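Morning, everyone. Please bring up the model on your screens, and I will walk you through it.

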Amino acid sequence: MKPHDQRREKKQERANPASSHPGYRFDRQVSGFGKLPGFSVRSDRSPSRSSIFPIGDVLMFGSVGGVFSGFSRRFTTAVVSLNSDAINLLHHVRLLCSLGHLQEALKLFYSITPPPPLIHSHHTYAALFHACARRSSLPQGQALHRHMLLHNSNPDFYLFLINHIVNMYAKCGSLDYARQLFDEMPERNIVSWTALVSGYAQHGRPDECFKVFREMLVWHRPTEFAFASVISACGGDGDCGRQVHAFALKTSFDSCVFVGNALIMMYCRSCGGADEAWSVYESMEFPNLVSWNSMIAGFQCLIIKTGFISEIEVATALVKAYSSLGGEVSDCYKIFLELDGRQDVVSWTAIIAAYAEQYPEEAILLFRQFLRECLAPDRHMFSIVLKACAGLATERHALAVQSHVLKVGFEDDTVLANALIHACARCGSIALSKQAFDTMISRDTVSWNSMLKAYAMHGQGKEALQLFSQMDVQPDGATFVALLSACSHAGMVEEGTKIFETMSNNHGIVPQLDHYACMADMLGRAGQISEAKELIDKMPMEPDSVVWSALLGGCRKHGETKLAKLAAAKLKELDPNNSLGYVLMSNIFSTDGRFNEAGLIRKEMEGKTVRKEPGLSWIEIGNHVHEFASGGQQRPEREAIFSELEKLVRRLKDFGYVPQMSLALHDIEDEQKEEQLYYHSEKLALVFALMNLGNRCYSGNIIKIMKNIRICVDCHNFMKLVSELVDMEIVVRDSNRFHHFKAKVCSCNDYW
């Protein structure tokens, strides 16, 4: 700019103080925002509805349960002039943004007329710009920026607020606008520079990223986030990355985990950088999961490039590493296939182990394929396969594996016998578990613990205590977890409390988190909610999410709403991605008829992208495992199953069945509630089993169903009545325990 132009600009600023605001020239250059997508300017200088909500009308704010509607109405008739009012507004906006309800937060803010002055609303604007950035909501962010400039003709300058605006444009990919606004800022700090550096790096513009980073060094010492961003922009350019790495070493930022992880990925992408990546990893004082995954991914790339992926030892090690770190089993299988027919028993065991936990059916198929290759399984493979059998609905696969164990002469192996006890118990046959235990020549602590856990799963508390009295080896912490769990499932509070109080003095086992969780579960199930909370308050360590979920389960069973809210809040804090806290609170409110509050919980889940685990049930018919979801979606026999279910329900109603409509989770008509309850996945699985009674998969008169979540009260009552009606035993394994239904009675004695 020429000197006389600068003087003219200064005169304009003195005539109009607003012109000194960095957004003022930005405003002028885009012609009143007419060039911003989806914007229109009205002559009354107030934001049009279309500009505020460019993607159409949003839900009325009352859809959030009316929690904020009163707040909104209170400010529509008066200017927000008091700081306390502004703080209240900020609190509600932040809450909505944290729940993921950006549109509702904006609607609340825009509903206040006239808008609060910037001196009272700058923090609120910042919170909204931050939410727009996190959700990459450019149209909403642009409209908010326009709203701020239109309603603040003389805005005070708040550096942190302009930083939020720059960051919003950068994160949303509108980098030219971000740079324009950045250039017009009369003052910048390290946050301003870092926002721009990160934006260029995230959107694949490395040249601008390096240029801004170099300019920043004249004024500021970079942060670890700026370093990480510029390193990630290097991609596979090792020379450029080494220069940044050298500077990070000089400034001691190489010790930051963000910088270290970025360096590992950069070196892994560059040619011949594996040694340097490993050096960075070894120098990290506190590597995290990202560090591990980055290093493994880097080694895999190197292995593929050098051809070592075809070496058995290397491929097997990679499969084990990916599996142990929670990698996708499909990736493990791709590595396994690289061996191209040269797999040995170790590599086969590694891939079967990768599938055993999450995909037991596929693990069994792989084992069959292994046997067809005429390879000889060892003890370790057998133990892995038996572990996979534990995830199936019936015990027949475990017994088939056991026959192979006997054929190869491993019948006296303690580890395999322990695995068989566990597998049979998990498949619903406590009798087979006891048989395997009784025939063991030598037993270790794991043997006794496995049998105690088997009794616990099946609710046989007295049998567990009797077995414990015969234990001839030193118990460990797992022994008492099994004992306390058995007492909890059997309602034996007095016996369980005595075990908990004496385990330290009598056996030298100091109670840990698992033991406290069992006690909280035991007391909660028995309705002693206040005693459970008192126990948690006295814990010598911080309670974890398992402890709080145990308390929450007790509150759910006995309708204790106040403590349930506390437990749910703690659970969400410790394990924010776990749906349990949300689901149980929603159920508590629905059971109590408080459907608006239940709806709020579900909206909160949606806003935080927390997914509820869908209710699924499995049943084995012949050689096939059939999966059922609530409502019977994806089932080709859906209509036939529904028809048979309706007939069964009519018969059961004559037999005394009354649907538990209080369990329906929505405010709907009673008839719809009944239908909602009828189509739970375990009911559909049961009807399908009854339709296939002639199939050879059943031993005797037993139907076995496996379910991934807790069975509800209505389905529990349903199973009891059906067992009497069809004169069969029905075994349901849910997420907590086994239920053996026979002659209208459940083995849990309705205590679960």
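I will go from the overall picture to helix packing, aromatic rings, the sheet and a few loop residues.

Ground rules. This is a predicted model, where local features need pLDDT of at least 70, side-chain atom pairs count only at pLDDT 80 or more, and totals for chains, interfaces and linings use all residues. Residues are numbered from 1 along each chain as its sequence is written, and side-chain values use heavy atoms, with hydrogens and water left out.

Overall picture. The protein has 39 helices and six strands. Those are DSSP runs, numbered from the N terminus: helices are H or I with at least four residues, strands are E with at least two. There are 752 residues, and 51% of them count as buried. Buried means under 20% relative accessible area, exposed means over 50%, and partly exposed is in between, with a 1.4 Å probe and protein chains only. Now contacts, meaning heavy atoms within 4.5 Å. Take those with a separation of 6 or more: residues 24 or more positions apart account for 64% of them.

Helix packing next. Two packed helices are described by the angle between their axes and the distance between the axes. My example is α22, residues 379–389, against α24, residues 414–426. The angle is about 5°, and the axes are 8 Å apart. That makes the two helices, α22 and α24, roughly parallel. The axes are lines fitted to C-alpha atoms over the stretch in contact, and angles run from 0 to 180 degrees between N-to-C directions. Under 35 degrees counts as roughly parallel, over 145 as roughly antiparallel, 65 to 115 as roughly perpendicular, and the rest as oblique.

Which residues of α22 and α24 meet? From α22, we have Arg379, Phe382, Ser383, Leu386 and Cys389. From α24, we have Val415, Leu416, Ala419, Leu420 and Ala423. By class, this contact of α22 with α24 has eight nonpolar residues, one polar and one charged. For the classes, Ala, Val, Leu, Ile, Met, Phe, Trp, Tyr, Cys and Pro are nonpolar, Asp, Glu, Lys and Arg are charged, and the others, Gly among them, are polar.

The structure holds 20 aromatic pairs. Rings of Phe, Tyr and Trp (its six-membered ring) pair if their centres lie within 6.5 Å; planes under 30 degrees apart are stacked, over 60 edge-to-face, and the rest tilted.

Phe109 and Tyr110 make a tilted pair, with 6.3 Å centre to centre and 50° between the planes. Phe109 counts as buried at 1% relative accessibility. Tyr110 counts as buried at 10%.

Phe367 and Phe382 have ring centres 6.2 Å apart and planes at 65°, so this pair is edge-to-face. Phe367 lies in α21, residues 360–372, and Phe382 in α22, so the pair ties together parts that are 15 residues apart in sequence. Phe367 counts as buried, at 4%. Phe382 does too, at 0%.

Two strands pair if DSSP finds at least two bridges between them.

Look at β5, residues 738–742, which runs antiparallel to β4, residues 729–733, with four bridges joining them. Val732 has His739 in β5 as its bridge partner. These strands, β4 and β5, form a hairpin with four residues between them. Is β5 enclosed or open? Four of its five residues are buried, so β5 is largely enclosed by the rest of the structure.

On to β6, which is joined to β5 by two bridges and runs antiparallel to it. Lys742 pairs with Val745 in β6. This hairpin of β5 and β6 has two residues between the strands. In its turn, Ala743 has a positive phi of about 50°. Ala743 is partly exposed, with a relative accessible area of 46%.

Most residues other than glycine have a negative phi. Ser136 also has a positive one, near 50°. Ser136 sits in the loop between α7 (118–134) and α8 (138–150).

Last stop, Pro540. Its place is the loop between α31 (529–537) and α32 (545–558). Pro540 counts as exposed, at 64% relative accessibility. Pro540 and Gln512 are 28 residues apart in sequence and 9.1 Å apart in space, C-alpha to C-alpha.
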